[in-house]
Amino acid sequence: MTVLDNRALNRAMLARQLLLDRADLPVVDAVAHLCGLQAQEPQEPFVGLWSRLTAFDPAALSDLLTRRGVVRTHLMRRTVHLVTADDVLAWRSRHDAMLRQRVLGVYRDELKGVDLDELAAEARDVMADGEPRTAAEIVRELAPGRPGPGPRALGEMVVAALVPMAQAPPRGLWRTKGGVRNVALSAWLGRPVDPPAADGSDPVGQALVRRYLAAHGPAATADLRAWSGLAGLPGAVTAVRDELVSFRDERGRELLDLPDAPRPDPDTPAPVRFLPAFDNAILGYQDRSRIIDDAHRGLSVAGERVVLVDGRVAATWSVSEDVVTVDPLGALSRADRAAVADRGSELASFLSDGGSDRVRVAASPR
């Protein structure tokens with residue numbers, strides 16, 4: 001079986017993630033291809049798409065949110081993701097059990113004795129009018145008669161797990177601040193969430209395997225599980241295995257992939273890219289060594305924004321008063337520093353709507 005080293009996996013990941021060459025795609029198609037973008041920080045998806053698309057206009061994403069072509073919702077790993085309307089309706093039921101279990105993992109003691117099915121039915125009645133509500137407003141209508149669970153536990157269970165929700169704009173619009181107001185997903189989109197397959201098969205799981213590999217492969221089943229948060233995909237992998245090809249990584253893990261997906265030459269040049277906080281190019285894997293050194297693995301979990309140099313995490317970045325500041329994690333060559341400064345200047349202009357192109361690349365640590 002062919003062994004793919006980290007550099008080969010890196011170039012494949014960059015190509016799938018639209019980070020090797022910026023893509024000329026409509027925004028909705030890019031969001032679909034990427035299987036969504038992690039989005040608990042509302043402005044971060046704009047940077048993620050700017051790094052991936054040619055001539056990205058942030059107004060296009062805002063328009064998709066207001067027109068309900070994409071939505072912000074709890075999905076993979078119980079984190080807020082920006083996904084297309086079609087995908088969230090198709091995928092949400094497959095995530096139900098995982099979402100419940102992840103909330104229970106945090107609030108099991110507080111929710112002990114709560115009939116979750118009864119709570120879900122009452123919450124659906126509350127949200128049936130299609131009006132956006134904060135979690136606190138929802139809890140106020142559900143808390144009477146439930147003295148046990150605290151408001152945070154009750155709100156998290158309803159909003160993140162029991163009732164499929166969308167976060168209504170202005171939350172997530174470009175350069176706009178807005179608190180989280182939840183609206184029932186089916187009311188927001190005017191279509192019901194797809195139910196699980198009646199015959200007990202798992203077509204959604206099989207679709208998720210294919211879609212994940214198209215955006216992240218080659219990858220191990222542990223990587224698929226880390227991205228989705230779903231433990232129950234072995235059956236789906238088995239069902240589609242005949243469609244796939246296999247490799248091994250340097251650790252000996254089996255990697256699965258779509259046969260015709262891009263696997264560029266490992267020596268393909270990789271341009272500097274600025275990634276937003278919690279980007280799935282990093283968080284979409286259990287083994288992240290193809291893109292980030294183990295010594296820096298915690299940066300992505302902590303929500304640091306990072307810079308890729310030659311395809312790997314080489315610096316963090318921040319912005320203040322329209323100045324992008326880059327802090328290298330190690331030594332950068334003169335050419336790399338210049339490339340980082342050039343791309344950082346472009347980012348500063350994007351973030352300031354053309355008002356600033358200022359960038360500062362700090363000295364490398366000794």
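Reader: In which loop does Pro170 lie?

Author: Pro170 is placed in the loop between strand S4 (165–167) and strand S5 (182–184). This is a predicted model. For the peptide bond before a residue, begin with the general rule: most residues other than glycine have a negative phi, and most peptide bonds are trans. The bond joining Pro169 and Pro170 is cis, with omega at about 15°.

Reader: Which residues does the cis peptide bond with omega of about -5° join?

Author: That cis bond joins Gly217 and Pro218. Pro218 sits in the loop between helix H10 (203–216) and helix H11 (221–228).

Reader: The rule also covers phi. Where is Phe278, and what is its phi?

Author: Phe278 is not a glycine, yet its phi is positive, about 60°. Its place is the loop between strand S8 (273–275) and helix H13 (280–283).

Reader: Is Phe278 buried or exposed?

Author: Buried means under 20% relative accessible area. Phe278 has 15% relative accessibility and therefore counts as buried.

Reader: And Glu321: what is its phi, and is it buried or exposed?

Author: Glu321, also not a glycine, has a positive phi of about 50°. The cut-off for exposed is over 50%, and Glu321 counts as exposed because its relative accessibility is 69%. Glu321 is found in the loop between S10 and S11.

Reader: How many residues lie between the strands in the hairpin of S10 and S11?

Author: Two residues lie between the strands of that hairpin, and Glu321 belongs to it. S10 and strand S11 (residues 323–328) pair in the antiparallel sense over six bridges. One of the bridge pairs sets Trp317 against Val326 in S11.

Reader: In what sense do S9 and S10 pair, and over how many bridges?

Author: Strand S9 (residues 305–309) and strand S10 (residues 312–320) are antiparallel, with five bridges. For side chains, the general idea is that in a regular strand they alternate between the two faces of the sheet. Here, Leu308 stands opposite Val313 in S10. S9 and S10 also form a hairpin with two residues between them, and Asp310 in its turn has a positive phi of about 55°.

Reader: How many helices and strands does the protein have, and what is its radius of gyration?

Author: The protein has 15 helices and twelve strands. A compact globule of 366 residues would have a radius of gyration near 21 Å, and the protein agrees because its value is 21 Å. Along the principal axes, the C-alpha trace spans about 65 × 50 × 40 Å. Buried residues make up 53% of the 366 residues.

Reader: What share of the contacts with a separation of 6 or more joins residues 24 or more positions apart?

Author: Such residues account for 66% of those contacts.

Technical notes: Residues are numbered from 1 along each chain as its sequence is written. This is a predicted model: local features need pLDDT of at least 70, side-chain atom pairs count only at pLDDT 80 or more; totals for chains, interfaces and linings use all residues. Side-chain values use heavy atoms; hydrogens and water are left out. Helices (H or I, at least four residues) and strands (E, at least two) are DSSP runs, numbered from the N terminus. The radius of gyration is taken over C-alpha atoms; the globule rule is 2.2 Å times the number of residues to the power 0.38. Buried means under 20% relative accessible area, exposed over 50%, partly exposed in between (1.4 Å probe, protein chains only). Contact means heavy atoms within 4.5 Å. Two strands pair if DSSP finds at least two bridges between them.
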